[in-house]
Amino acid sequence: MRGLYAITPDTASTDALARMVSDALRGGIDFLQYRNKLAGADLRKEQARMLLGMTRASKVPLIINDDVQLAAEIDADGAHVGRDDGEVATARRALPGKLLGASCYASLEAARAAVADGADHVAFGSMFSSSTKPGAARAPLGILAQARTLGVPLVAIGGITPDNAALALAAGADCVAVISDLFSAPDIAARAALYRRIFEKLPA
């Protein structure tokens with residue numbers, strides 16, 4: 001795993017979500033996580049199925065946030081679990097062969113446990129001040145270097161912008177996860193392309 005990991009914003013409008021994601025895909029995102037904390041089960045299923053069609057056409061993996069059952073039901077490419085979303089080992093059994101990420105916040109111990117239980121990538125953050133989760137505890141950039149010993153891809157999340165993304169990547173991140181800086185941009189496709197150029201400038 002390497003690249004721009006886009007996370008969808010909360011929206012009740014499936015049409016608006018489709019337009020935003022279409023622009024992001026056109027701009028060159030590498031992964032898409034569907035996250036909607038406000039939608040009910042039926043709307044989540046509708047939106048997830050719609051996004052799966054879009055991402056499959058663009059050959060971009062779709063990862064479902066917080067809902068392993070939905071990921072399995074629609075045959076998404078994977079799921080992401082947080083501290084309140086059940087056990088990583090249970091998610092791994094439900095999604096054999098799929099991408100499985102886990103939020104580890106600022107805890108290397110949580111990351112070790114997640115990898116031991118079957119996570120194939122782990123996320124740390126908030127790396128910077130986040131408008132999506134302004135009260136989130138900060139994770140030091142140094143935790144990324146420490147986590148390299150886990151041998152799995154690392155995702156940096158929280159307050160990522162084009163101005164600081166390179167700092168997270170230089171510290172050891174393989175992916176940067178972005179919500180508001182991407183989907184609130186006046187030109188989503190151009191913003192995604194800007195992030196893509198950051199990765200293209202990195203050593204192979």
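Reader: Which element gives the largest share of the lining of the second largest pocket, and how many residues does that share hold?

Author: A pocket is found on a 1 Å grid over the protein atoms alone, as an open set of points where a 1.4 Å probe fits, with protein on both sides within 12 Å along at least five of seven lines, and its lining residues have an atom within 4 Å of a point. In this predicted model, local features need pLDDT of at least 70 and side-chain atom pairs count only at pLDDT 80 or more, while totals for chains, interfaces and linings use all residues. Residues are numbered from 1 along each chain as its sequence is written, and side-chain values use heavy atoms, with hydrogens and water left out. The largest share of the lining of the second largest pocket, four residues, comes from E5. Strand E5 (99-105) and helix H5 (108-116) each supply at least two of the lining residues; such elements are DSSP runs numbered from the N terminus, helices (H or I) having at least four residues and strands (E) at least two.

Reader: How much space lies in this second largest pocket, and which residues lie nearest its centre?

Author: The volume, taken as the space filled by probe spheres set on grid points that are joined across faces, edges and corners, is about 190 Å³ for the second largest pocket. Its lining counts 14 residues, and Val88, Ala102, Ser103, Ala110 and Ala114 lie nearest the centre. Sorted by class, the lining holds eight nonpolar, three polar and three charged residues, where Ala, Val, Leu, Ile, Met, Phe, Trp, Tyr, Cys and Pro count as nonpolar, Asp, Glu, Lys and Arg as charged, and the others, Gly among them, as polar.

Reader: How many salt bridges does the count come to?

Author: Side chains of opposite charge can pair when their charged atoms come close. The rule asks for a side-chain nitrogen of Lys or Arg within 4 Å of a carboxyl oxygen of Asp or Glu, and by this rule the count comes to twelve salt bridges. In one of them, the side chains of Lys37 and Asp66 meet at 2.0 Å, N to O. Lys37 lies in the loop between strand E2 (31-34) and helix H2 (41-58), and Asp66 in the loop between strand E3 (62-65) and helix H3 (68-74), so this pair ties together parts that are 29 residues apart in sequence. Lys37 counts as partly exposed at 45% relative accessibility, because buried means under 20% relative accessible area, exposed over 50%, and partly exposed in between (1.4 Å probe, protein chains only).

Reader: What do the side chains of Arg44 and Asp67 meet in?

Author: Arg44 and Asp67 meet in a salt bridge of 3.5 Å, N to O. Since Arg44 lies in helix H2 and Asp67 in the loop between E3 and H3, the pair ties together parts that are 23 residues apart in sequence. Arg44 is buried at 11% relative accessible area, whereas Asp67 counts as partly exposed at 23%. The side chains of Asp174 and Arg148 also meet in a salt bridge, at 2.8 Å, N to O. This pair links distant parts of the chain, 26 residues apart, with Asp174 in the loop between helix H7 (165-171) and strand E8 (175-178) and Arg148 in the loop between helix H6 (142-147) and strand E7 (154-157). Asp174 counts as buried at 16% relative accessibility, and Arg148 as partly exposed at 40%. Salt bridges that share partners also join Lys45, Arg49 and Glu73 into one network.

Reader: Where does Thr11 lie, and which residues does Thr11 touch?

Author: Thr11 lies in the loop between strand E1 (3-7) and helix H1 (14-27), and is buried with a relative accessible area of 16%. Contact means heavy atoms within 4.5 Å, and Thr11 touches Ala16, Leu17, Met20, Asn36 and Gln47, not counting residues up to four places away in sequence. The side chain of Thr11 also reaches the backbone nitrogen of Ser13 at 3.1 Å.

Reader: Which peptide bond is cis, and what is the phi of Asp66?

Author: Most residues other than glycine have a negative phi, and most peptide bonds are trans. Here the peptide bond from Gly125 to Ser126 is cis, with omega near 20°, and Ser126 is placed in the loop between strand E6 (121-124) and H6. Asp66, a residue other than glycine, has a positive phi near 70°, and is partly exposed with a relative accessible area of 24%. Asp75, although not a glycine, has a positive phi of about 60°; its place is in the loop between H3 and strand E4 (78-81), where it is partly exposed at 40% relative accessible area.

Key:
Polar contact = N/O pair within 3.5 Å; in protein donor to acceptor, adjacent residues only side chain to side chain.
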